[in-house]
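Here is a short report on one protein model. Please keep the sequence and the structure open while reading.

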Amino acid sequence: KEEDKETLYNLLRNHYKYLHAAPVALGSQDCSSWENACTLQMALAGSINGNEIWVQEGVHYPGTERTDTFTLKNGVEIYGGFNGTETSRDARNWATNVTTLSGDIGEVGDNSDNSYHVVTGSGTNNTAVLDGFTITGGNANGAESNGMGGGMYDDQGSPALENVIFSENSATYGGGMCNSTNSSPMLANVTFSNNTATQRGGGMFNFESSPTLTNITFSGNSASSMGGGMFNSDSSLVLKNVTFCNNTANGGGGMHNYHSSLTLTNVTFSGNSATYGGGMSNDLCIPLSLT
């Protein structure tokens with residue numbers, strides 16, 4: 001029976017530290033090796049604290065319904081950038097072996113049927129790790145939370161992201177990423193490019209959250225209202241070695257801050273455009289700390 005098969009797979013996955021995922025399941029599909037790789041959703045479903053999921057290059061889809069998403073777990077580290085022959089994580093090359101998480105689950109080229117959130121990190125802490133991926137094709141154009149975070153949505157979530165590209169995602173708020181209500185994700189070596197918001201935060205939207213960003217680029221993102229690259233409301237952020245370039249919005253082409261506090265170290269604004277505040281605009285903000 002399918003139920004018995006899934007139970008067996010869960011037992012097998014829990015036996016291994018390293019789970020192997022491919023765009024299409026192979027062999028016995030028990031995640032134990034590249035020859036017997038399961039899908040990423042299968043690996044996530046069966047993973048437990050202490051597991052690493054190694055993900056082969058190619059395109060991975062969260063499912064067939066708009067509400068389907070790759071949901072991160074505490075204590076589970078997910079690494080992309082494998083070609084499917086490696087026996088150690090150090091042997092992967094995420095830049096060469098492009099591993100894509102795509103929300104384009106329906107008709108190709110029509111984003112009206114795409115996933116609301118390609119990835120979800122709600123309820124996690126920094127032991128939930130996502131490293132070595134391109135996230136694309138999310139379209140959060142629904143109601144309430146389904147209108148936030150086309151690429152990634154965090155509600156009270158604080159995952160750790162490294163070596164990640166958010167590209168061509170869209171939402172009402174936070175085309176690339178939305179962090180809501182006590183979320184404190186840690187991002188390093190992450191790029192937000194060509195993401196859009198019909199309201200605020202083309203690249204990233206933060207509400208009552210405290211993300212830490214290191215070595216980040218916001219490029220070519222846009223918002224119809226405010227915060228082409230980033231929009232912050234009632235949030236406290238730390239930015240180090242961050243570049244905002246060629247982002248656009250009505251207000252705050254690079255970044256707009258409302259009632260927020262920021263510590264900025266080596267942050268560059270270049271070529272951003274807006275009706276007001278091409279690089280950055282601030283409203284009711286605690287004075288910024290600039291170094």
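## Terms and basis

Contact means heavy atoms within 4.5 Å. This is a predicted model: local features need pLDDT of at least 70, side-chain atom pairs count only at pLDDT 80 or more, and totals for chains, interfaces and linings use all residues. Residues are numbered from 1 along each chain as its sequence is written, and side-chain values use heavy atoms, with hydrogens and water left out.

## S115 and its contacts

S115 touches P62, R66, D68, G103, I105, G137, G138 and N139, not counting residues up to four places away in sequence. S115 sits in the loop between β6 (99-102) and β7 (119-120). Strands here are DSSP runs of E, at least two residues long, and helices are runs of H or I, at least four long; both are numbered from the N terminus.

Is S115 buried or exposed? S115 counts as buried because its relative accessibility is 0%. Buried means under 20% relative accessible area, exposed means over 50%, and partly exposed lies in between (1.4 Å probe, protein chains only).

## Overall build

The protein has two helices and 24 strands. Its C-alpha trace spans about 60 × 40 × 30 Å along the principal axes. The radius of gyration is 19 Å, which agrees with the value near 19 Å for a compact globule of 291 residues. That radius is taken over C-alpha atoms, and the globule rule is 2.2 Å times the number of residues to the power 0.38.

Of the 291 residues, 51% count as buried. Take contacts between residues at least 6 apart in sequence: 75% of them join residues at least 24 apart. The accessible surface comes to about 11600 Å², and 48% of it belongs to carbon and sulfur atoms. Such areas come from the Shrake-Rupley method with a 1.4 Å probe; for residues, only the protein chains shown count as cover.

## A run of parallel pairings

Two strands pair if DSSP finds at least two bridges between them. Strand β11 (residues 160-167) pairs with strand β14 (residues 186-193) in the parallel sense, over seven bridges. Here S167 stands opposite S193 in β14. β14 also pairs in parallel with strand β17 (residues 212-219), again over seven bridges. M186 faces T212 of β17 in that pairing.

Next comes strand β20 (residues 236-245), which runs parallel to β17 and is joined to it by seven bridges. The bridge partner of L213 in β20 is L239. β20 in turn runs parallel to strand β22 (residues 261-270), with nine bridges joining them. V238 stands opposite T263 in β22.

## The four-stranded sheet

Which order do the strands of the open sheet follow? The four strands run β9-β12-β15-β18, with parallel pairing. The edge strands are β9 (139-140) and β18 (222-223), each pairing on one side only. Inside the sheet, β12 (residues 170-173) and β15 (residues 196-200) pair over three bridges. S170 stands opposite T196 in β15.

## T181, a loop residue

T181 lies in the loop between β13 (177-180) and β14. T181 has a relative accessible area of 23%, so this residue is partly exposed. T181 touches D155, Q156, F207, E208 and S209, not counting residues up to four places away in sequence. T181 and S235 are 54 residues apart along the chain, yet their C-alpha atoms are separated by 9.1 Å.
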